[in-house]
Amino acid sequence: MSQLIFFILSSLTIVSALGVLFAKNPMYSVLSLIVCFFTVAGHYIMLNAQFLAIVHLIVYAGAIMVLFLFVVMLLNLNAETEPHKTSKLKFAAVIAGGVLFLTIIASLKAGIPVGYHLPAKSNIGLVEIVGQKLFTDFLLPFEVSSILFLSAMIGSVVLAKKEKR
Amino acid sequence: MDYTLLLDKAILVVIIFVVSLGIAAYATYGERKVAAFLQDRIGPDRAGPFGLLQPIADGVKMFLKEEIIPNASDKFLFIIGPCIFMMTSLMTSAVIPWGKSFNIGGHEFNLQVADLNVGILYIFAVVSIGGYGIMIGGWASNNKFALLGALRASSQMISYELSMGMSIIALLLFNNSLNLRDIVDAQQHGQWNVFYQPLGFLIFLICAFAECNRAPFDLPESESELIGGYHTEFSSMKLGLFLFAEYINMFISSAIIASLYFGGYHFPGIDSLDLSQNLAAIVSVGVFFAKIIFFILFFMWVRWTVPRFRYDQLMRLGWVVLIPLSIINVLITGAWMTFVK
């Protein structure tokens with residue numbers, strides 16, 4: 001049963017991720033990215049990481065993609081008006097992407113393969129465990145990243161104020 | 001695989017689906033009657049006794065109207081927009097505990113579809129996705145008024161989600177759980193959260209109004225500025241889905257307010273009555289629905305009493321007033337939980 005769900009989810013993930021790349025209309029790209037996030041959240045739930053799944057949905061599908069959608073809607077990007085990249089740029093992009101892909105494959109090869117058959121009592125992604133880990137073992141990185149967020153927020157406010165004068 | 005559990009949940013899902021639609025249908029009738037009462041009119045009274053068949057008549061009318069899809073629209077997205085909006089508003093009800101569990105012939109029947117340990121966050125996730133229905137529908141119409149309405153709706157939702165989340169954080173600090181059933185059961189003996197979190201409740205209530213796009217925050221569809229807002233181009237049942245989903249949202253948010261702040265299906269003194277389990281379950285469901293209907297009426301009362309905000313006022317209220325207030329609320333609750341309790 002969970003094997004079947006895993007395969008359905010995975011194929012949906014891959015199809016929607018490809019849809020992001022191949023969709024002509026940027027609106028459809030954004031929407032397939034949202035579908036992709038949903039299926040990834042489904043994978044989290046399969047791993048019994050409910051908290052991670054829901055937070056993933058709230059942050060990525062609920063907040064960040066809304067901003068993406070905003071930009072696409074306001075700029076009204078179309079296939080015709082979109083500036084075409086030169087072939088030199090395309091070539092460079094393909095090479096860079098290939099190198100990144102290779103790196104990811106190499107790093108995954110060394111990792112432990114985690115399939116759909118997990119130990120039944122894996123509680124890694126439940127809210128208590130995540131909270132305890134964050135506030136004990138990873139306290140410093142957590143606080144540092146929160147300062148990073150704060151500075152980003154202040155930076156954006158400063159930039160927005162400057163424009164207005 | 002436990003098939004009886006699956007069957008239980010399937011039955012419950014169907015019941016909740018039908019009840020949500022029924023309540024939403026009669027909320028449209030209720031809204032018109034409440035409006036009529038507040039404006040000293042009679043309201044709908046033609047279809048059936050007291051106009052009670054009015055929702056059915058409206059539904060038939062919606063179905064029979066001509067369906068127009070604008071030529072310049074993106075047809076796929078145009079159709080899928082209202083569907084997403086309706087689907088998300090129905091999905092929210094999955095984690096709400098509707099009452100105590102029944103016991104039929106030794107078989108426990110739990111009145112909650114999914115007992116998630118991240119129940120509130122689930123609601124948040126679904127609500128934040130609900131905005132897509134409006135955005136996609138508004139954009140796909142290829143109409144500037146619809147686009148403006150969609151932009152207003154989504155920016156309003158993002159802005160008010162923040163302070164809503166903050167007010168929930170204070171509630172979590174207080175109840176130590178994200179699970180809705182735990183939160184409801186912690187308020188068993190009349191210790192309703194509203195007494196401990198009055199500020200949080202106020203913030204949550206205002207944000208719930210804004211998230212439902214209800215007056216005084218109904219700027220996405222303010223007819224004096226934007227014709228019909230995001231649903232300007234929609235007709236027939238697609239318009240019906242948008243309007244109907246709004247009432248389902250209202251129903252669900254009333255249920256959430258009742259279970260987060262007003263004790264859900266508990267009421268003070270239920271234990272002293274010493275009822276049998278099934279009777280207690282029926283009473284608890286009744287109590288919960290009474291609270292929900294109270295809040296639905298409250299939604300309507302506010303709509304027909306308070307005038308609409310201006311858009312800049314709405315944004316200022318969200319970002320300058322509610323967010324600082326909710327941060328203060330979190331700080332106070334944290335200090336209380338650390339030093340007093």
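The lining of the largest cavity draws most on α4(B), which gives six residues. A cavity here is a set of points on a 1 Å grid over the protein atoms alone where a 1.4 Å probe fits but cannot get out, and lining residues have an atom within 4 Å of a point. Helices are DSSP runs (H or I, at least four residues), numbered from the N terminus. The model is predicted: local features need pLDDT of at least 70, side-chain atom pairs count only at pLDDT 80 or more, and totals for chains, interfaces and linings use all residues. Residues are numbered from 1 along each chain as its sequence is written, and chains are lettered from A in the order in which they are written.

The largest cavity has a volume of about 320 Å³, a volume being the space filled by probe spheres set on the points, with grid points joined across faces, edges and corners. Its lining has 23 residues, and T92(B), I123(B), V127(B), E211(B) and I256(B) lie nearest the centre. By class, 16 of the lining residues are nonpolar, six polar and one charged. In this scheme Ala, Val, Leu, Ile, Met, Phe, Trp, Tyr, Cys and Pro count as nonpolar, Asp, Glu, Lys and Arg as charged, and the others, Gly among them, as polar.

The structure holds two cavities of 30 Å³ or more. Two or more lining residues come from each of α3 of chain A and α4 and α5 of chain B. Here too α4(B) has the largest share, with five residues.

The pockets come next. A pocket is an open set of points with protein on both sides within 12 Å along at least five of seven lines. The largest pocket holds about 2500 Å³ of space. Of the 44 residues in its lining, V55(A), V59(A), G165(B), M166(B) and I169(B) lie nearest the centre. The largest share of this lining, nine residues, is from α5(B). Domain 1 (1-82) and domain 2 (83-165) of chain A both give residues to the lining, so the largest pocket lies between them; the domain bounds come from an automatic or database domain assignment.

The second largest pocket holds about 920 Å³. T28(B), M62(B), L243(B), Y247(B) and R303(B) lie nearest its centre, out of 35 lining residues. Its lining has 16 nonpolar, seven polar and twelve charged residues.

How values were computed:
Side-chain values use heavy atoms; hydrogens and water are left out.
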